Amino acid sequence: MSASTTDLTRLDIHQILKLLPHRYPILLVDRVLELEKGKRIKALKNVTINEEFFNGHFPSRPVMPGVLQIEALAQAAALLSFVSNDIEQDGKSIYYFAGIDGARFKRPVEPGDQLVLEVALERAKAGIYKFKAWATVDGERAVEAEIMCTMRRVD
């Protein structure tokens with residue numbers, strides 16, 4: 001299924017790898033559960049004890065760093081943008097953070113958790129995208145933020 005398919009609602013890891021330039025250990029989206037072009041995305045990050053960051057954060061009580069939770073939300077936002085704009089990844093489109101506002105961390109994310117990422121597009125203007133983003137574990141809010149991103153071509 002290509003990114004230009006109008007009824008696209010789900011993406012598996014193979015499709016995600018075609019759209020995002022991220023790779024292990026920084027690829028933080030495992031599956032897209034729902035995607036409504038130009039509106040919203042719901043994706044999944046399975047958090048396992050094998051994650052590199054757990055070696056140091058924290059050895060006695062492993063917790064997923066908040067900055068990586070925000071990065072996972074940004075990757076979901078990038079997927080929403082690429083699919084919504086029918087962009088086929090050619091390695092020359094990079095999605096950068098432009099701003100993060102109102103980030104709040106509500107509960108620790110630990111090994112064994114499934115982080116459900118939800119992102120809603122609020123506006124897109126002059127190449128800047130603004131999203132309302134949040135993630136939950138077992139229906140409980142773990143993180144929320146407003147994020148702004150921009151897509152740039154690199155040569």
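## Salt bridges, sheet and annotated histidine

The side chains of Glu36 and Lys39 meet in a salt bridge at 3.6 Å from N to O, where a salt bridge is a side-chain nitrogen of Lys or Arg within 4 Å of a carboxyl oxygen of Asp or Glu. This is a predicted model, in which local features need pLDDT of at least 70 and side-chain atom pairs count only at pLDDT 80 or more, while totals for chains, interfaces and linings use all residues. Residues are numbered from 1 along each chain as its sequence is written, and side-chain values use heavy atoms, with hydrogens and water left out.

Glu36 also meets Arg40 through their side chains, in a salt bridge of 3.3 Å, N to O. Glu34, Glu36, Lys39 and Arg40 are linked in a network of salt bridges. Side chains of opposite charge can pair when their charged atoms come close. Glu36 has a relative accessible area of 32% and is therefore partly exposed, the class that lies between buried (under 20% relative accessible area) and exposed (over 50%), computed with a 1.4 Å probe on protein chains only. Lys39, with a relative accessible area of 49%, is likewise partly exposed, and Arg40 counts as partly exposed at 31%.

By the rule given above, the count comes to 11 salt bridges. One of them joins the side chains of Arg107 and Asp113 at 3.4 Å, N to O, and here both residues are buried.

Asp113 is also among the residues touched by Lys45, together with Leu28, Asp30, Glu51, Gln114, Leu115 and Leu117, not counting residues up to four places away in sequence; contact means heavy atoms within 4.5 Å. Lys45 lies in strand 2 and, because its relative accessibility is 4%, counts as buried. The side chain of Lys45 makes a polar contact of 2.8 Å with the side chain of Glu51, a polar contact being a pair of N or O atoms within 3.5 Å, of which, within protein, one must be able to donate a hydrogen and the other to accept it, and residues adjacent in sequence count only if both atoms are side-chain atoms.

Strands (E, at least two residues) and helices (H or I, at least four) are DSSP runs numbered from the N terminus, and two strands pair if DSSP finds at least two bridges between them. Strand 4 (residues 114-125) and strand 5 (residues 128-137) pair in the antiparallel sense over 9 bridges, with Leu121 standing opposite Phe131 in strand 5.

The loop between strand 2 (40-46) and helix 2 (66-84) holds His57, which UniProt lists for "active site" in an unreviewed entry. UniProt positions are given in the numbering used here, feature names are shortened, and annotations may be inferred rather than shown by experiment. His57 counts as partly exposed because its relative accessibility is 24%.
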